[in-house]
2 protein chains.
Amino acid sequence: MSDGRAAPVFGGESLLFLTDEQLRQGIEAMFFAYRGFTADPDRILADMHYGRAHHRAIHFINRAPGTTVTNLLSILGVTKQSLNRVLRTLIDDGLVESRVGTRDKRERHLYLTDRGRALEARLSDAQRTRMRAAYREAGPEAVAGFKKVLEAMMDPEMRRLYARLKDGK
Amino acid sequence: MSDGRAAPVFGGESLLFLTDEQLRQGIEAMFFAYRGFTADPDRILADMHYGRAHHRAIHFINRAPGTTVTNLLSILGVTKQSLNRVLRTLIDDGLVESRVGTRDKRERHLYLTDRGRALEARLSDAQRTRMRAAYREAGPEAVAGFKKVLEAMMDPEMRRLYARLKDGK
DNA sequence: GAGTTTATGTCAGCCTTGTTGACATTCCAA
DNA sequence: TTGGAATGTCAACAAGGCTGACATAAACTC
């Protein structure tokens, strides 16, 4: 299995990696890994009165400063009411700034304030530290495969959004 | 980067895969992929009055029939009150059976009923179908890397649980 | 045998974060 | 000028986390 050619089946390519057992392992790996993935930021957020939803908003505002509410909605996949509640607290607490659009004054463009950027840095440092350790342990080839499978797992629309973000919009 | 040896740095091994940009991509890939990962079962569950928590309980009871409540608690990482609410509804609805332990009568051993197994099959078929497509698209080597990185991302305790499940307890 | 610990269940209350529905405002575009 | 898009907000609700408190039964320990 390690060379991808073990026990040739159906035209010379192994399909052993597609057994239900392999798939179940992948499913459980996703479940347990996602717990680790969110654990560190969650601990930081728990101290303040914030949750994972705040982290997500902060992450993507930092990622694309000046993004509109609608754009953020499509990225996060929640209702505007749900997002609005989160944004409201972030704006009230002075972590996010909402500027009325110049071209289109209906739009609100979102930016992190200095304090917002500070929290973002704390959260993403914590998350990156774990990712870096995992990457280092697994090695470059594993990382390439990791991304390849994750990308293939996304809904087409999410895949498009992911690619846009990846390629610097 | 594709061969893992691009632009050698620090003793011949590339560390380009550890840049903040690479890490950020991995973080966003996890976010978007997890959405896809849960999307199909979520749609099935939404029709009934169940949620993701019920799916998780059903999955692991199916995975390890006869498991105790305490064991399930450690796997799921929630409080007994939270799990109990979910188990209560599953037992009341006749999807899960709770049997008093024979050796230790304090313990409750959990089993899926026929109806429970039927729902489990529907849910995991849906989830496996997406995983299978992703695996097939990415290829065996990518899948190996995928699992390697996910495993390295887990908390040590989760990693232990994952390995135990993987190796058939 | 008494006392302690363990496994479980349950009640009450709280929080975050998701949902739907309804409605108002602003303002671009045809 | 009118329709629709973008946004905000109010209200109500549900899932699924949480803590704290308490009860029970059984097992374990001294």
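In the predicted model described here, the side chains of Arg130(A) and Asp155(B) meet in a salt bridge, with 2.9 Å from N to O, a salt bridge being a side-chain nitrogen of Lys or Arg within 4 Å of a carboxyl oxygen of Asp or Glu. Across the interface of chain A and chain B, 10 salt bridges are found by this rule. Between the two chains there are also 22 residue pairs in polar contact, both residues being at pLDDT 80 or more; a polar contact is a pair of N or O atoms within 3.5 Å, where within protein one must be able to donate a hydrogen and the other to accept it, and where residues adjacent in sequence count only if both atoms are side-chain atoms.

On the side of chain A that touches chain B, at least two residues each come from helix 1 (20–47), helix 2 (52–63), helix 3 (69–76), helix 5 (114–138), helix 6 (140–153) and helix 7 (156–166) of chain A, helices (H or I, at least four residues) and strands (E, at least two) being DSSP runs numbered from the N terminus. Helix 1 of chain A gives the most to this side, with 19 residues. By class, the side of chain A that touches chain B holds 32 nonpolar, 11 polar and 20 charged residues, where Ala, Val, Leu, Ile, Met, Phe, Trp, Tyr, Cys and Pro count as nonpolar, Asp, Glu, Lys and Arg as charged, and the others, Gly among them, as polar.

The contact (heavy atoms within 4.5 Å) takes 63 residues from chain A and 62 residues from chain B. Between them the chains bury about 6600 Å², 70% of it on carbon and sulfur atoms, buried area being the accessible area (1.4 Å probe) that two parts lose on being put together, summed over both. Of the area that chain A buries against chain B, Ile27(A), Phe32(A) and Met153(A) supply 10%, more than any other three residues.

Chain A also holds an open sheet of three strands in the order 1-3-2, with antiparallel pairing, two strands being paired if DSSP finds at least two bridges between them. Its edge strands, each pairing on one side only, are strand 1 (67–68) and strand 2 (96–100) of chain A. Strand 1 and strand 3 (residues 108–112) of chain A pair over two bridges, with Thr68(A) opposite His109(A) and Thr67(A) opposite Leu110(A). Strand 2 and strand 3 of chain A pair over five bridges, and His109(A) is the bridge partner of Arg99(A).

Residues are numbered from 1 along each chain as its sequence is written, and chains are lettered from A and ligands numbered from 1 in the order in which they are written. Local features need pLDDT of at least 70 and side-chain atom pairs count only at pLDDT 80 or more, whereas totals for chains, interfaces and linings use all residues, and side-chain values use heavy atoms, with hydrogens and water left out.
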